[in-house]
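Here are my notes on the model, as numbered points. Have the structure open while you go through them.

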Amino acid sequence: MKRVTTTLKLKFLDLNGAPHRPEGDAVKAEMFNQTVCATTELANQLLRISPKERKALTTAKVVTPLKSALSNQVIRILKGKAGQRVKHFKVFWPEVNNQNWKLHRVGSTYSVSFPTIQGDKRVPLEVGSSYYAERLERILAEQDCERGTLKLMQIRGVWYAVLSITWDVPEVKSTERLGVDRGQNRLAVA
């Protein structure tokens with residue numbers, strides 16, 4: 001068996017322009033915006049610190065309105081290569097590790113809970129295909145599947161939960177080769 005990491009990009013249900021509950025959805029969207037602003041502000045604040053000092057940072061030494069799960073992840077990311085390559089973030093999407101988000105299912109509705117600037121929130125997900133439902137069921141059953149990080153993102157005005165999962169897939173033995181001609185003198189064999 002091979003291990004494959006997959007990213008699932010799932011819309012939040014009824015959060016992106018739902019007509020029947022616009023006031024509650026606007027509150028969640030504003031809370032998500034505040035969380036994004038706070039993580040971006042913390043990330044840019046940490047970039048002003050030297051990389052050597054950043055390595056010794058903990059949440060106890062950082063002043064932020066974020067919950068420790070979010071601020072720890074910002075610190076962890078900026079201690080790595082991302083903190084060495086970037087001088088300033090326009091947007092730093094909030095991210096939590098596998099210990100700080102949970103997947104739930106009530107009936108046929110899936111939801112995910114994760115920390116925000118106002119505490120842990122549980123938000124229903126829009127699952128459009130059986131592909132996503134199958135992956136989410138694997139996460140719930142903990143069947144050959146490891147949860148990775150959850151990232152909160154807004155793309156073209158639509159809020160998403162971006163989940164990474166690592167799971168086992170059967171190895172496929174190939175007996176045929178496929179040639180790829182890219183207009184070059186030497187052909188690549190895939």
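1. A definition to start with: two strands pair if DSSP finds at least two bridges between them. Two bridges join E1 to strand E5 (residues 119-126), and the two run antiparallel.

2. On provenance: this is a predicted model, where local features need pLDDT of at least 70, side-chain atom pairs count only at pLDDT 80 or more, and totals for chains, interfaces and linings use all residues. Residues are numbered from 1 along each chain as its sequence is written, and side-chain values use heavy atoms, with hydrogens and water left out.

3. The overall make-up is five helices and nine strands. Helices (H or I, at least four residues) and strands (E, at least two) are DSSP runs, numbered from the N terminus. Reading from that end, the order is β-α-α-α-α-β-β-β-β-α-β-β-β-β.

4. Some totals for the protein. Of its 190 residues, 38% count as buried (under 20% relative accessible area; exposed is over 50%, partly exposed in between, with a 1.4 Å probe and protein chains only). The accessible surface comes to about 11900 Å², and carbon and sulfur atoms own 49% of that (Shrake-Rupley method, 1.4 Å probe; for residues, only the protein chains shown count as cover). For contacts (heavy atoms within 4.5 Å) between residues at least 6 apart in sequence, 63% join residues at least 24 apart.

5. Now the sheet. Seven strands make an open, antiparallel sheet, ordered E2-E6-E7-E1-E5-E4-E3. Its edges are strand E2 (95-96) and strand E3 (102-106), each pairing on one side only. Helix H5 (residues 130-141) packs on this sheet and touches E1, E3, strand E4 (109-116), strand E6 (145-155) and E7. The direction of H5 makes about 115 degrees with that of E1 (axes are lines fitted to C-alpha atoms, for helices over the stretch in contact, and angles run from 0 to 180 degrees between N-to-C directions).

6. What joins E1 to strand E7 (residues 158-169)? Ten bridges do, with the strands antiparallel. Arg 3 sits opposite Asp 168 in E7. Between E4 and E5 there are six bridges, again antiparallel. E4 and E5 form a hairpin with two residues between them, and Thr 116 has Gly 119 in E5 as its bridge partner.

7. Have a look at Thr 6, in strand E1 (residues 2-12). Is Thr 6 buried or exposed? Its relative accessible area is 11%, so Thr 6 counts as buried.

8. Arg 156 lies in the loop between E6 and E7. Its phi is near 50 degrees, a positive value in a residue other than glycine. Arg 156 is exposed because its relative accessible area is 82%.

9. Last, helix H3 (residues 68-79): twelve residues, reaching 16 Å from first C-alpha to last, close to the 16 Å expected (1.5 Å times one less than its number of residues). Buried residues in H3 include Leu 70, Val 74 and Leu 78. An α-helix has 3.6 residues a turn, so residues three or four places apart point the same way.
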